[in-house]
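I opened the notebook to go through one model and write down what I looked up. The sequence and structure come first.

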Amino acid sequence: MKMFTLAKPAAGIIGALALVGTISLAGAQQPREGERPQPRLADLMQGAQVGHIKLWYAGKAGNWGLATYETKQLKTRLEDAAQLYQSLPVNDVTTMAKPIQAVSAAIAAKDVREFARAYDELTAGCNSCHQSVKLGFVHLRTPSSNPFSDQDFAPGKK
């Protein structure tokens, strides 16, 4: 039986990345005793972007359980961003409530067409928020290819 082993170059790259990560963590500002570390806004937004993509594929496949889950995750990330980064314009974050509710309603109705319309509204809301904080170069759209080839978005999987 042949064992899987990392090639030396790959192991070296992984080791270098681990070292860079350790150095980065050492240089980061440490939270005070009893405080939880605060996630960076960029990390919250990248997580939201991943959820935005997964939400699309779940709704497109009619996997309403997964679509509900991804909608809740997206909403939570946006709420966390608003709470942790109070410099964000409150109006921008709260305007996302309507598109998220529209997506949730389409999911509850199990209506693929309405889901696609509501998803477009959600995407437009994201882009509007990015524009208002001078980050219009961060422009989302409906995904055209699935980067999550390791996840089955079809309904009925347990």
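I took a salt bridge as a side-chain nitrogen of Lys or Arg within 4 Å of a carboxyl oxygen of Asp or Glu. Lys-75 counts as partly exposed at 41% relative accessibility, and Glu-79 counts as partly exposed at 44%. The classes are buried for under 20% relative accessible area, exposed for over 50%, and partly exposed in between (1.4 Å probe, protein chains only).

The model is predicted: local features need pLDDT of at least 70, side-chain atom pairs count only at pLDDT 80 or more, and totals for chains, interfaces and linings use all residues. Residues are numbered from 1 along each chain as its sequence is written, and side-chain values use heavy atoms, with hydrogens and water left out.

I found six helices and zero strands in the protein chain, running α-α-α-α-α-α from the N terminus on. Helices (H or I, at least four residues) and strands (E, at least two) are DSSP runs, numbered from the N terminus. The protein chain has 158 residues, and buried ones make up 29% of them.

Entry 4, other salt bridges. My search of the whole structure gave four salt bridges. Glu-121 and Arg-117 meet through their side chains at 3.1 Å, N to O. Both lie in helix H6, four residues apart, about one turn of the helix. Glu-121 is partly exposed at 22% relative accessible area, and Arg-117 is partly exposed at 41%. I also noted a network of salt bridges that links Glu-114, Arg-117 and Glu-121. Asp-43 pairs with Arg-40, with the closest N and O atoms 3.8 Å apart. Asp-43 counts as partly exposed at 37% relative accessibility, whereas Arg-40 counts as exposed at 53%.

I recorded a volume of about 440 Å³ for the largest pocket. Of its 21 lining residues, Met-45, Leu-78, Cys-129, His-130 and Val-138 are the closest to the centre. On a 1 Å grid over the protein atoms alone, a pocket is an open set of points where a 1.4 Å probe fits, with protein on both sides within 12 Å along at least five of seven lines; lining residues have an atom within 4 Å of a point. Grid points are joined across faces, edges and corners, and the volume is the space filled by probe spheres set on the points.

Which helices each supply at least two residues of the lining? They are H2 (41-61), H3 (64-84), H4 (90-94) and H6 (112-132). H2 gives the most, with seven residues. By class I noted 16 nonpolar, four polar and one charged residues in the lining. Here Ala, Val, Leu, Ile, Met, Phe, Trp, Tyr, Cys and Pro count as nonpolar, Asp, Glu, Lys and Arg as charged, and the others, Gly among them, as polar.

Leu-135, Phe-137 and Val-138 make a nonpolar surface patch of about 290 Å². Such a patch takes residues with over 30% relative accessible area and no salt bridge, joining nonpolar side chains (Val, Leu, Ile, Met, Phe, Trp, Tyr) within 5 Å; areas come from the Shrake-Rupley method with a 1.4 Å probe, and for residues only the protein chains shown count as cover. Phe-137 lies in the segment after H6 and counts as exposed at 65% relative accessibility. Phe-148 is also in the segment after H6, but it is buried, at 16%. Phe-148 and Val-50 are 98 residues apart in sequence and 9.6 Å apart in space, C-alpha to C-alpha.

I placed Trp-64 in helix H3, where it counts as buried at 12% relative accessibility. Its C-alpha atom is separated by 7.4 Å from that of Pro-155, 91 residues apart along the chain.

Lys-110 has a phi near 55°, a positive value in a residue other than glycine. Lys-110 lies in the loop between helix H5 (97-109) and H6 and is exposed, at 57%. Lys-134 has a positive phi of about 65°, lies in the segment after H6 and counts as exposed at 69%.

Definitions and conventions:
Patch = residues over 30% accessible without salt bridge, like charges linked within 9 Å, V, L, I, M, F, W, Y side chains within 5 Å.
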